[in-house]
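The exercises below each set a task and then work through a solution. Keep the sequence and the 3D view at hand.

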Amino acid sequence: MFNFNHPGVKLVFAGLFSAALIVGAAGGTYYMLSNNLSQGDSLFSGSQSENQVHFMPLDKFVISLNGEERMHYLLLELDLKTMNNVAHEELLAFRPVVNNVLLKMFSQMSYEEMREMDDIEALQLQVKSKLTNTLQKNGYQHAISDVLFTKLVLQ
């Protein structure tokens with residue numbers, strides 16, 4: 001019978017275990033280098049990075065609003081949400097169209113209309129609908145999943 005409690009046997013097993021770890025680490029390193037994985041990729045991600053949620057932050061908008069007594073200003077910051085990298089990359093090229101739609105839409109509103117608007121979700125849906133229609137007319141083939149207001153200041 002074999003004696004596992006003998007110090008020499010324990011030393012041999014420790015050596016074999018260490019060798020297996022070293023070979024595994026070296027094999028993993030070789031695999032990663034040979035497949036040219038980029039920094040953000042993972043061995044287990046597969047093609048999931050293609051279907052990740054992306055947010056496109058837009059520049060600040062400062063828009064003049066007519067009021068009954070004087071001019072007012074609207075400061076608006078928002079992000080557009082897309083569901084994959086291709087939609088996000090193509091949306092970047094349509095940024096001037098997006099900016100134009102937003103400026104036209106909000107500059108037509110009065111200070112009183114903006115002040116009375118209680119439902120930000122309804123306004124977000126209205127912006128999304130207007131953007132979707134205009135972008136499709138201009139050749140953008142993907143959907144905007146959501147419009148997120150990150151800052152809205154009325155002064």
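**Exercise 1.** How many residues does α5 have, and how far does α5 reach from its first C-alpha to its last?

*Solution.* This is a predicted model, in which local features need pLDDT of at least 70 and side-chain atom pairs count only at pLDDT 80 or more, while totals for chains, interfaces and linings use all residues. Residues are numbered from 1 along each chain as its sequence is written, and side-chain values use heavy atoms, with hydrogens and water left out.

Step 1. Helices (H or I, at least four residues) and strands (E, at least two) are DSSP runs, numbered from the N terminus. α5 has 18 residues.

Step 2. The expected span of a helix is 1.5 Å times one less than its number of residues. α5 reaches 26 Å from its first C-alpha to its last, close to the 26 Å expected.

Step 3. At the N-terminal end, D119 caps α5, with a side-chain oxygen 3.3 Å from the backbone nitrogen of E121. After α5 comes G139, which has a positive phi near 100°.

**Exercise 2.** Find which residues of α5 are buried and which are exposed on the other side.

*Solution.* Step 1. Buried means under 20% relative accessible area, exposed over 50%, and partly exposed in between (1.4 Å probe, protein chains only). L123, Q124, V127, L131 and L135 are the buried residues of α5.

Step 2. Seen down the axis of α5, these residues fall within an arc of 100°, so they line one face of the helix. The arc is that of the directions from the helix axis to the C-beta atoms.

Step 3. E121, L125, Q136 and K137 are exposed on the other side of α5. The cover over the buried residues of α5 includes β3, α2, α3, α4 and β4.

**Exercise 3.** Repeat the analysis for α3: which residues are buried?

*Solution.* Step 1. In α3, the buried residues are V98, V101, L102, M105 and F106. Viewed down the axis of α3, they fall within an arc of 110°, so they line one face of the helix.

Step 2. P96 and K104 are exposed on the face of α3 turned away from its buried side. The buried residues of α3 pack against β2, β3, α2, α4, α5 and β4.

**Exercise 4.** How many residues has the largest nonpolar core, and which have the most contacts inside it?

*Solution.* Step 1. A nonpolar core is a set of buried Ala, Val, Leu, Ile, Met, Phe, Trp, Tyr and Cys residues joined through side-chain atoms within 4.5 Å. The largest one has 28 residues, and L80 and F106 have the most contacts inside it.

Step 2. The largest share of this core, five residues, comes from α3.

Step 3. Contact means heavy atoms within 4.5 Å. Not counting residues up to four places away in sequence, F106 touches I63, L65, L74, L76, M114, L123, V127 and F149.

**Exercise 5.** Compare V53 and T82: is each of them buried or partly exposed?

*Solution.* Step 1. V53 is in the loop between α1 (7–34) and β1 (54–57). V53 is partly exposed, with a relative accessible area of 38%.

Step 2. T82 is found in strand β3. T82 is buried, its relative accessible area being 1%.

Step 3. Leaving aside neighbours within four places in sequence, V53 is in contact with K81, T82 and M83. With residues up to four places away again not counted, T82 touches several residues, including V53, H54, L91 and Y140.

How values were computed: Polar contact = N/O pair within 3.5 Å; in protein donor to acceptor, adjacent residues only side chain to side chain.
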